[in-house]
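Welcome! Have a look at the structure below, and then let us walk through a few of its places together.

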Amino acid sequence: MLVMTGTGTGVGKTITTAAIAALAVAGGQRAAVLKPAQTGVGPDEPGDLQDVVRLAGPEVTTRELRRYPDPLSPEAAARRSGLPALDPGEIAQAASDLDTGHDLTLIEGAGGLLVRFNGTGASLADVAWSLGSLVIIVAEAGLGTLNATALTAEVATRRGLTVAGVIIGAWPAEPDLAALSNLEDLPVAAGAPLLGVLPADIGRASREDFLTAARAGLSPWFGGEFDPELFAGCASAGK
């Protein structure tokens with residue numbers, strides 16, 4: 001079981017989750033993705049889980065617990081809509097139920113590790129702690145990502161969680177100096193290895209091309225072929 005968190009919104013968390021699920025399915029595993037709270041999406045609109053299925057395949061089991069129309073934190077969106085807020089126990093139970101019938105269960109949070117689910121301040125960190133799950137940090141590539149990554153990792157560690165690694169969720173086609181430097185500095189900030197770098201446009205790929213990119217961009221830990229030293233050397237050389 002893996003808890004997928006980001007250093008913020010728009011860092012490529014859903015795409016990264018889909019890539020890990022795609023590799024699991026390709027390797028013959030039964031994969032499930034749990035999205036506790038989907039915000040900013042109407043009842044009949046496609047959400048993050050639809051993207052996961054589109055990219056990773058219909059073999060992936062998906063489950064969404066709450067959907068709120070306002071693009072806010074789950075707690076604020078629940079409050080504004082009048083819909084029930086989420087409790088960490090409900091999320092943990094849903095994850096455990098999925099995990100009993102799958103080889104890999106991914107729990108994709110909304111935003112960062114401490115984004116509130118309800119009025120008591122419960123967050124994804126509480127869910128990860130109750131499940132004893134490893135945490136994967138999905139980070140941005142460029143300037144500012146080191147501080148956000150270090151803060152996320154420090155909070156996780158202080159709460160008794162284990163950060164398994166960090167993944168860059170949207171690598172630019174033309175990386176600048178900060179992005180290239182962060183290939184070396186992000187693992188230091190996270191206190192955990194760099195487990196992957198995914199292209200920024202991977203979400204527009206066909207399912208076949210998505211799997212190819214996921215395999216190239218994710219660590220053997222997930223069933224991929226990513227080598228951080230080789231990638232850094234090629235990126236620095238402009239290859």
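## A short tour

D176 sits in the loop between strand 6 (162–171) and helix 7 (177–190). Helices (H or I, at least four residues) and strands (E, at least two) are DSSP runs, numbered from the N terminus. This is a predicted model, in which local features need pLDDT of at least 70 and side-chain atom pairs count only at pLDDT 80 or more, while totals for chains, interfaces and linings use all residues. Residues are numbered from 1 along each chain as its sequence is written, and side-chain values use heavy atoms, with hydrogens and water left out.

Next comes K35, which has a place in strand 2 (residues 31–39). An unreviewed UniProt entry lists K35 under "active site"; such positions are given in the numbering used here, feature names are shortened, and annotations may be inferred rather than shown by experiment. K35 counts as buried because its relative accessibility is 4%. Neighbours within four places in sequence aside, K35 is in contact (heavy atoms within 4.5 Å) with D48, L49, R63, E64, L65, E108, G109 and A110.

Now for two helix pairs. Axes are lines fitted to C-alpha atoms, for helices over the stretch in contact, and angles run from 0 to 180 degrees between N-to-C directions.

| Helix pair | Angle | Axis separation |
|---|---|---|
| Helix 4 (residues 88–99) and helix 5 (residues 124–131) | about 50° | 9 Å apart |
| Helix 1 (residues 13–26) and helix 8 (residues 207–217) | roughly 95° | within 9 Å |

Helix 4 and helix 5 are therefore oblique to each other, whereas helix 1 and helix 8 are roughly perpendicular. Angles under 35 degrees count as roughly parallel, over 145 as roughly antiparallel, 65 to 115 as roughly perpendicular and the rest as oblique.

Which residues bring helix 1 and helix 8 together? I15, A18, A19, A22, L23 and A26 of helix 1 meet F210, L211, A214 and R215 of helix 8. By class, this contact has nine nonpolar residues, no polar ones and one charged. Here Ala, Val, Leu, Ile, Met, Phe, Trp, Tyr, Cys and Pro count as nonpolar, Asp, Glu, Lys and Arg as charged, and the others, Gly among them, as polar.

Note on methods: Buried means under 20% relative accessible area, exposed over 50%, partly exposed in between (1.4 Å probe, protein chains only).
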